[in-house]
Amino acid sequence: MKGDWLKLIRPLGITLLILIVLEIFSTALVPMLGLTKYRIPFNILIILYLGFKLETPYTSLLIFVLQYTHSFFSIEGWEMGTIAGVIICIVISYLKDLLHLSSSIITIFITQVFQFLWFVIVSVLLYLKEDNFSYIVEKFWRFLPESIAISLLAPFFFGILDVIWRTETDRSLGESV
Amino acid sequence: MRLIEDKDRRQRAILNIIVLLVAFVGVAKRSQTLEETSTFENILIDSFSPIQTSVTSVRTQVSSFFDHYLANISASRKNVDLRKRVGDLENSINGFEELEKENKRLKDLLQFGQGIGYKKILAQVVAWDASSDFRVIRINKGLSNGVRLQSPVVTSQGLVGYIYRLTDHFADILTVLDNNNRVDGLIQRVRAHGIVEGFNNEKSIMKYVSRAEPIILGDVVITSGLGNIYPKGIHVGTVSRIERESYGITQNVEITPAVDFGRLEEVVILSAEGDEQKKREWEALDQMDEAQENQSRSNSGRGR
């Protein structure tokens, strides 16, 4: 599995379908109910899962595909999320021996920590591009509730993605397939 | 050494570097004010958006059922209609005031501006942007309905934004709440200019307004017509806060947009019929510039 990209196509397809359904839910239903200020970034949740659980050299390409799909629903584009995702996956690959998603609480905590890292990377890029610090401060106050929501959803979603990617709770993909 | 020896690690490192490099180039090249989509992106956005439309439609119907039938059968509907009419009338009054102030006779004499007519296209909001960083809404009208990139979008209440991304059947509007959208605004009472920029989900700010301008709370802000996107006189919002520092030459003005974005369901796109003519004019100007540059290059080449 490690270097076999053909085996990644099926789970990737299912994951993309899930992402599309969640993006539609997030963009069409939630704002129409009055929640226009916040959006749940499901793409970040899936990319973090790939970083935590996947043992394949193609992680960066998978992140690109997910972010590219996300860009159809947002003018954000795929670029910044891809940069943040790839950097985070590199960091995770160095810390893999220390990270064990053995319980829901730990999963929630670790997801929250890496979302903060995601926020820092994207904020640095935004600051370099826009030169606007007040925008980043305003973004931070939106990031807090959104990231907490994602962290709380993480144990449940990681369970679903474990089934799709055929990984066990505390193991990396490749070894169990 | 381990990197060179382990094939997987080497492959991963190479892919990471390539993807990161391409993404960095993408970030540098990405425009936050306009995006032209490729055919592939057009097809995919057009495929996903109808699902967004159906979800919105189901929600609207359910909501409509509760609003109009269960709560109050006729009063609620009348209220919505009357509100729309009040909005239309307020907008008309605003337009008349502007007409009074505009020196039409001189404008005609100098043939200043072409008086481009706008085609009005009614569209329904089907979705919001997937990222809360952007205040962008998706509508169910696109290129095939006559919508053009950068066409202004309004409601009876005032300005919504402009068309940022366009496919055959759908379009994304960059609203005035987004900090990438900059509108040249005018304080109606004192005719002071400034740049209106999105700030957060509820407010915009007006920058570069001279300290000397006697702006007061409640002043109405309209579009100035500069910038070649928005026509003059569209209601942008009202002044809700004024900040004057003890230093500097400008004041920061907070604007509450005229449009209630939380309840936005339908919008009107103003598609300029003279778009093609304007485009040809710009192209002709570009060609003239290029010809001049080529000529000056060839002259400098001869000089050597």
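Helix 3 of chain A is largely enclosed by the rest of the structure, because 9 of its 12 residues are buried. The model described here is predicted. The helix covers residues 59-70. From its first C-alpha to its last, helix 3 of chain A reaches 16 Å, close to the 16 Å expected at 1.5 Å a residue. Its buried residues are Thr59(A), Ser60(A), Leu62(A), Ile63(A), Phe64(A), Leu66(A), Gln67(A), Thr69(A) and His70(A). Within chain A, these buried residues pack against helix 1 (6-29), helix 2 (42-53) and helix 4 (79-95). They also pack against helix 2 (7-29) of chain B.

The contact between the chains takes 42 residues from chain A and 40 residues from chain B. On the chain B side, helix 2, helix 3 (39-71), strand 1 (118-128) and strand 4 each supply at least two residues. Helix 2 of chain B gives the largest share of that side, 11 residues. By class, the side of chain B that touches chain A has 19 nonpolar, 11 polar and 10 charged residues.

Chain B has 304 residues, and buried residues make up 32% of them. Its secondary structure comes to 6 helices and 12 strands. Among contacts in chain B with a separation of 6 or more, 58% join residues 24 or more positions apart.

The domain assignment divides chain B into domain 1 (39-73 + 114-175 + 263-274) and domain 2 (182-258). Taken over C-alpha atoms, the centres of the two domains are separated by 26 Å. In the contact between them, 11 residues of domain 1 of chain B meet 11 residues of domain 2 of chain B. Strand 3 (152-154) and strand 4 of chain B are the elements that give two or more residues to the domain 1 side. That side has 6 nonpolar, 4 polar and 1 charged residues.

Several strand pairings were found in chain B. Strand 1 of chain B pairs with strand 12 (residues 266-272) in the antiparallel sense, over 7 bridges. In this pairing, Tyr118(B) has Ala272(B) in strand 12 as its bridge partner. Strand 1 of chain B also pairs with strand 2 (residues 136-139), again in the antiparallel sense, over 3 bridges. Here Val125(B) stands opposite Ile139(B) of strand 2.

Strand 6 (residues 182-187) of chain B likewise has two partners described here. With strand 7 (residues 192-198) of chain B, it pairs in the antiparallel sense over 6 bridges. Arg182(B) stands opposite Glu197(B) in strand 7 of chain B. The hairpin of strand 6 and strand 7 of chain B has 4 residues between the strands. In this hairpin, Arg191(B) takes a positive phi near 60°. Strand 6 of chain B also runs antiparallel to strand 9 (residues 220-223) of chain B, joined by 3 bridges. In that pairing, Gly185(B) stands opposite Thr223(B).

The largest nonpolar core has 54 residues. The residues with the most contacts inside this core are Ile139(B), Leu159(B), Ile163(B), Ile173(B), Val221(B) and Val236(B). Strand 4 (residues 159-166) of chain B gives the most to the core, with 6 residues. The core draws at least three residues from each of domain 1 and domain 2 of chain B. A second, separate core has 38 residues. It includes Phe52(A), Phe114(A), Leu161(A) and Val19(B).

Thr256(B) lies in strand 11 (residues 250-257) of chain B. This residue has 16 other C-beta atoms within 10 Å, so it is partly exposed. Burial requires 20 or more such atoms, and exposure 12 or fewer. Leaving aside neighbours within four places in sequence, Thr256(B) is in contact with Lys203(B), Gly237(B), Thr238(B) and Ser240(B). Thr256(B) and Val239(B) are 17 residues apart in sequence, and their C-alpha atoms are 6.4 Å apart in space.

Technical notes. Residues numbered from 1 in each chain as written. Chains lettered and ligands numbered in written order. Predicted model: local features only at pLDDT ≥ 70, side-chain atom pairs only at ≥ 80, totals over all residues. Expected span 1.5 Å × (residues − 1). Contact = placed C-beta atoms within 7 Å. Core = buried A, V, L, I, M, F, W, Y, C linked by C-beta atoms within 7 Å. Domains from an automatic or database assignment. Nonpolar A, V, L, I, M, F, W, Y, C, P; charged D, E, K, R; others polar. Pairing = 2+ DSSP bridges.
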